[in-house]
Amino acid sequence: MIRCSRLSGHQQVKYLNVPTKSNFPFMSLINHSFPLSLPLKAYKPLLIPSRKLAKPIQSTPPVSTMDSSSTESEVAYDLSPILKVYKNGHIERLAGEDVVPPCLDPTTKVESNDVVISEEDGISARLFIPKTNYPPIQKLPLVVYVHGGGFCIETPFSANYHNVLNKIVSMANVIAVSVHYRRAPEHPVPTAHEDSWVALKWVASHVDGNGPHEWLNNHADFGKVFFVGDSSGANISHYLGIRIGTEPLPGVKLQGIVLVHPYFWGAEPIGSEVNRLEEVARAHKFWRFVCPNTEGSDDPVINPGKDPKLGKLACGRVLVCVAGKDLLRDRGWYYKELVEKNGWCGVAEVAEIEEENHAFHMFNPSCENAQALLNQIVSFITQG
């Protein structure tokens with residue numbers, strides 16, 4: 001079942017005693033001994049390496065580079081099925097490291113292309129453009145997509161995100177830029193946010209038609225820009241919406257933001273969190289893992305209610321998609337209340353698929369509800 005609600009004129013829902021829902025995959029998979037802090041200075045960055053555009057994007061260097069005979073190759077922290085941290089500082093990612101090469105997708109007729117935005121920092125992106133009618137007779141809306149994965153795993157080059165972007169671009173008839181940022185724990189939050197801002201400025205460099213990529217120069221409508229992100233990527237998309245509201249990028253008009261199962265948090269439990277305290281405790285620890293220098297779960301980066309700039313959100317429309325069984329579900333509904341209270345003049349809408357869990361569309365992309373979620377995203381973009 002799908003429930004929808006608009007912010008404007010809608011009675012506020014106070015988060016006191018919302019019925020308990022089920023598990024949040026990333027948080028619930030972290031065991032009780034999950035550390036509050038880790039020796040980050042020992043981590044060895046294992047990023048997708050910088051490269052020339054003519055070369056394909058490659059995955060993270062293999063684990064075989066470690067000395068398996070050394071005691072330092074022993075696992076210090078096992079965060080399966082997300083990642084493992086070894087005593088020698090090596091990070092082994094266990095999900096989202098598969099790489100699909102850029103291509104012309106035979107099903108959607110969407111073509112993709114990889115670009116390096118900053119060789120020094122390892123920031124890159126995958127661009128998507130529909131080729132059904134090419135060249136387009138008019139410029140196309142532009143979607144800037146930020147992937148999820150708890151700030152730790154996944155890339156735009158994995159099958160999950162490659163396939164999702166192909167579908168969005170085909171169905172909405174847009175151009176998309178899917179951002180690859182540096183990930184925690186080697187590069188703690190807010191590195192991902194700052195990298196995404198660098199990527200957004202790179203996108204904006206095409207406004208006058210003189211940027212480094214012809215698709216954006218010739219076919220992107222910078223008066224119709226949308227940010228879309230899921231989970232931690234939704235958190236970053238919200239950040240970008242605030243940042244562009246305080247530091248405008250000339251020529252870029254943000255029409256709307258789609259936040260899919262947004263990773264927001266806070267020190268005080270709300271809604272169903274009061275009945276799920278073990279999961280809540282692990283969630284607090286996970287936040288400290290990806291952002292060890294944080295003062296806690298009321299950091300404005302993770303708790304928008306503590307951000308004095310919340311009312312500066314640069315768009316007029318927001319769609320928040322939540323899943324009924326997700327621990328973060330109530331944070332998505334609460335976000336709607338927060339933007340209303342903080343002087344934002346836009347309209348927010350919340351769409352809930354009650355029987356699903358966090359990021360279900362990534363784990364089961366062919367299910368009926370995944371298609372329903374995709375339709376919600378596309379509808380929001382095409383109505384803008």
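Reader: How many aromatic pairs does a search of the whole structure find?

Author: The search finds five aromatic pairs. Rings of Phe, Tyr and Trp (its six-membered ring) pair if their centres lie within 6.5 Å. This is a predicted model, where local features need pLDDT of at least 70, side-chain atom pairs count only at pLDDT 80 or more, and totals for chains, interfaces and linings use all residues. Residues are numbered from 1 along each chain as its sequence is written, and side-chain values use heavy atoms, with hydrogens and water left out.

Reader: Why is the pair of phenylalanine 151 and tyrosine 263 called tilted?

Author: The ring centres are 5.6 Å apart and the planes meet at 40°. Planes under 30 degrees apart count as stacked, over 60 as edge-to-face and the rest as tilted. So the pair is tilted.

Reader: What parts does this pair tie together?

Author: Phenylalanine 151 lies in the loop between strand E7 (140-146) and helix H2 (159-172). Tyrosine 263 lies in the loop between strand E10 (254-260) and helix H6 (277-290). The pair therefore ties together parts that are 112 residues apart in sequence. Helices (H or I, at least four residues) and strands (E, at least two) are DSSP runs, numbered from the N terminus.

Reader: Is phenylalanine 151 buried or exposed?

Author: Buried means under 20% relative accessible area, exposed over 50%, partly exposed in between (1.4 Å probe, protein chains only). Phenylalanine 151 has 1%, so it is buried. Tyrosine 263 has 2%, so it is buried.

Reader: What makes the pair of phenylalanine 226 and phenylalanine 380 edge-to-face?

Author: The planes stand at 75°, with 6.3 Å centre to centre. That angle is over 60. Phenylalanine 226 sits in strand E9 (residues 220-230) and phenylalanine 380 in helix H9 (residues 368-382), 154 residues apart. Phenylalanine 226 and phenylalanine 380 are buried.

Reader: Which residues does valine 318 touch?

Author: Contact means heavy atoms within 4.5 Å. Not counting residues up to four places away in sequence, the contacts of valine 318 include Ile257, Leu259, Trp344 and Phe380.
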